[in-house]
Amino acid sequence: MRASYVATMRRRLRKIAGMLESPGTFYEDDAFWVNAKEIAHFHDGAISIRITRPVFSAHRDRLRADPRVSRRSPASDWITVQLESPKDVDFAAELAQLAADAHRPAAGVAAKPPPTGADLERRRRFH
């Protein structure tokens, strides 16, 4: 069943303005990028989202209290959300929208594309 929630989540991410799907840095599977930053990827029926520390701080109480959410470390921009129900997908989509908003370039500045080729390989070596 988790596979269907991941598939639904992928469709939701593709609808977010400025979100691009491209090979990821951390896993062999495709990831989702905004302005040359990987902000979401999937593993083990869950989604990891780079929400930024300011976004985490703004939603700290809610995120800390939610059992679906885990954080890599207190200094990390990344959280992981387990996808086990349609409500989990809705919740993760809301967080992905916040992450996309936090990573978009300033108005009038063109977004950078996801890295490819040597640039992507360099990033993979450091992760």
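Q: What makes strand 5 and strand 6 a pair, and in which sense do they run, parallel or antiparallel?
A: This is a predicted model. Two strands pair if there are at least two bridges between them. Strand 5 and strand 6 (residues 78–82) have 3 bridges, so they qualify. The sense is antiparallel.

Q: Which residue is the bridge partner of Val69 in strand 6?
A: Val81 is the bridge partner of Val69.

Q: What holds the strands of a sheet together in general?
A: Backbone hydrogen bonds pair them, either parallel or antiparallel.

Q: In what order do the 6 strands form the sheet?
A: The order is 1-2-3-4-6-5, the sheet is open, and the pairing is antiparallel.

Q: Why do strand 1 and strand 5 (69–71) stand at the edges?
A: Each has a single partner strand, so one side of each is left without a neighbour in the sheet. From one strand to the next, the twist averages 30 degrees.

Q: Which strands do the helices touch where they pack on the sheet?
A: Helix 1 touches strand 1, strand 2, strand 3, strand 4 and strand 6. Its direction makes about 160 degrees with that of strand 3. Helix 4 touches strand 2, strand 3, strand 4, strand 5 and strand 6. Its direction makes about 25 degrees with that of strand 4.

Q: How do you know that the span of helix 1 (residues 2–14) agrees with what it should be?
A: At 1.5 Å a residue, its 13 residues should span 18 Å. The end C-alpha atoms are 19 Å apart, which agrees.

Q: Which residues of helix 1 are buried?
A: They are Tyr5, Val6, Met9, Arg10 and Leu13. They cover an arc of only 145 degrees around the axis, which puts them on the same side of helix 1. What covers them includes strand 1 (20–23), strand 2 (30–34) and helix 4 (86–103).

Q: Why is Arg53 called partly exposed?
A: Buried means under 20% relative accessible area, and exposed means over 50%. Arg53 has 46%, which lies in between, so the label is partly exposed. Its place is in helix 2 (residues 53–58).

Q: What does Arg53 contact beyond its neighbours within four places in sequence?
A: It is in contact with Arg71, Ala75, Ser76 and Asp77. Arg53 and Asp77 are 24 residues apart along the chain, and their C-alpha atoms are separated by 5.4 Å.

Q: What makes the pair of Arg53 and Ala75 a polar contact?
A: The cut-off is 3.5 Å. The backbone oxygen of Ala75 lies 3.0 Å from a polar atom of the Arg53 side chain, so the distance is within it.

Key: Residues numbered from 1 in each chain as written. Predicted model: local features only at pLDDT ≥ 70, side-chain atom pairs only at ≥ 80, totals over all residues. Heavy atoms only, no water. Helix = DSSP H or I, 4+ residues; strand = E, 2+ residues; numbered from the N terminus. Expected span 1.5 Å × (residues − 1). Buried < 20%, exposed > 50% of the residue type's maximum accessible area, 1.4 Å probe, protein only. Arc of directions from axis to C-beta. Contact = heavy atoms within 4.5 Å. Axes fitted to C-alpha atoms, helices over the stretch in contact; angles between N-to-C directions. Polar contact = N/O pair within 3.5 Å; in protein donor to acceptor, adjacent residues only side chain to side chain.
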